[in-house]
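Biologist: Could you take a close look at one part of this model with me? I would like to go through it slowly.

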Amino acid sequence: MGQSLSTLRWRRSARSLQELAARPAAIRDLSPNLSCEILISALENVAKYTSAKNQDITLVVVGGIINTIFLKSRPETHDVDFFNDNLPPAALKCLSKAAKSAFKRNRILGQGWLNNHVVLFVPSHIRRILLDEALEQHEVVFQAPGLTLLAAPWEFLFCTKLHRMSGRGVSTATSYDQEDAVHYMERYISLQSTAAVAQGTVRFWFGQYLPDWTTETEELLPGVNSMYQTTFHVEHDPIILSS
């Protein structure tokens with residue numbers, strides 16, 4: 001019996017997802033340092049490719065791409081990590097080819113420079129929530145005909161940094177996690193036109209996106225407050241701690 005068209009499309013979509021997901025360890029360990037200029041040039045090449053194929057693709061991004069291009073809080077990052085489970089197979093296939101084309105133009109990028117390995121550790125039901133929230137938030141990291149990158153919700157980005165700093169994340173904490181966290185918090189606060197959020201609010205965010213709030217997580221908050229004050233030259237705490 002022959003395969004249905006829907007089955008074939010699903011398998012093609014799955015292959016495209018696999019191509020864009022985690023790369024072999026030997027490749028990932030190379031960890032290229034990609035500046036804002038390199039990233040924008042690569043994304044422009046992707047956009048030209050997708051636009052030429054009559055595709056207009058929107059991706060939600062997480063991690064260093066946001067800090068490097070949008071917040072300007074880091075000089076470089078290692079890759080562009082995205083998700084959007086609503087992309088049809090044709091768009092995924094086009095995106096995979098566009099990423100390869102950009103790599104051929106500039107091999108400094110590394111083969112896995114545009115990847116969706118976030119899908120390996122964020123459950124699908126959470127990704128659906130995040131996609132809706134990112135579309136509503138509409139913080140544009142990059143935009144050109146054929147391609148738009150939107151930042152994931154700032155609440156989620158902040159929580160993932162806390163989670164990793166607590167030692168419970170899927171990857172080891174890094175030296176820049178706390179600094180990233182305070183920039184995400186500052187952006188959230190500025191959009192809400194408020195000076196601070198309650199600790200209970202942060203814990204509520206955690207409950208939405210991540211599996212557990214621990215003592216280790218809570219103990220990180222004073223340090224985040226302190227770095228926030230130092231970074232943004234303010235005297236108030238961005239997180240009002242529970243007494």
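Is His138 buried, partly exposed or exposed?

Modeller: Happy to! Please keep in mind that this is a predicted model. His138 counts as partly exposed, because its relative accessibility is 45%. You will find His138 in the loop that links α6 (124–137) to β6 (140–144). Its backbone deserves a glance too: phi of His138 is near 55°, a positive value in a residue other than glycine.

Asn54 sits in the loop between α3 and β2 (57–62), and with 74% relative accessibility it counts as exposed, the cut-off being over 50%.

Helix α3 (residues 36–52) packs with helix α4 (residues 64–71) at an angle of about 100°, their axes being 10 Å apart. The two helices are therefore roughly perpendicular to each other. Cys36, Leu39, Ile40 and Leu43 of α3 meet Ile65, Thr68 and Ile69 of α4 in this contact. By class, six of these residues are nonpolar, one is polar and none is charged.

The largest nonpolar core has 67 residues, and Ile66, Trp113, Phe158 and Met185 have the most contacts inside it. Domain 1 (32–152) and domain 2 (156–236) both contribute residues, so this core lies between them. Leaving aside residues up to four places away in sequence, Trp113 touches several residues, among them Leu34, Leu43, Asp79 and Phe103.

Technical notes:
Residues are numbered from 1 along each chain as its sequence is written. This is a predicted model: local features need pLDDT of at least 70, side-chain atom pairs count only at pLDDT 80 or more; totals for chains, interfaces and linings use all residues. Side-chain values use heavy atoms; hydrogens and water are left out. A nonpolar core is a set of buried Ala, Val, Leu, Ile, Met, Phe, Trp, Tyr and Cys residues joined through side-chain atoms within 4.5 Å. Buried means under 20% relative accessible area, exposed over 50%, partly exposed in between (1.4 Å probe, protein chains only). Domain bounds come from an automatic or database domain assignment. Contact means heavy atoms within 4.5 Å. Axes are lines fitted to C-alpha atoms, for helices over the stretch in contact, and angles run from 0 to 180 degrees between N-to-C directions. Helices (H or I, at least four residues) and strands (E, at least two) are DSSP runs, numbered from the N terminus. Angles under 35 degrees count as roughly parallel, over 145 as roughly antiparallel, 65 to 115 as roughly perpendicular and the rest as oblique. Ala, Val, Leu, Ile, Met, Phe, Trp, Tyr, Cys and Pro count as nonpolar, Asp, Glu, Lys and Arg as charged, and the others, Gly among them, as polar.
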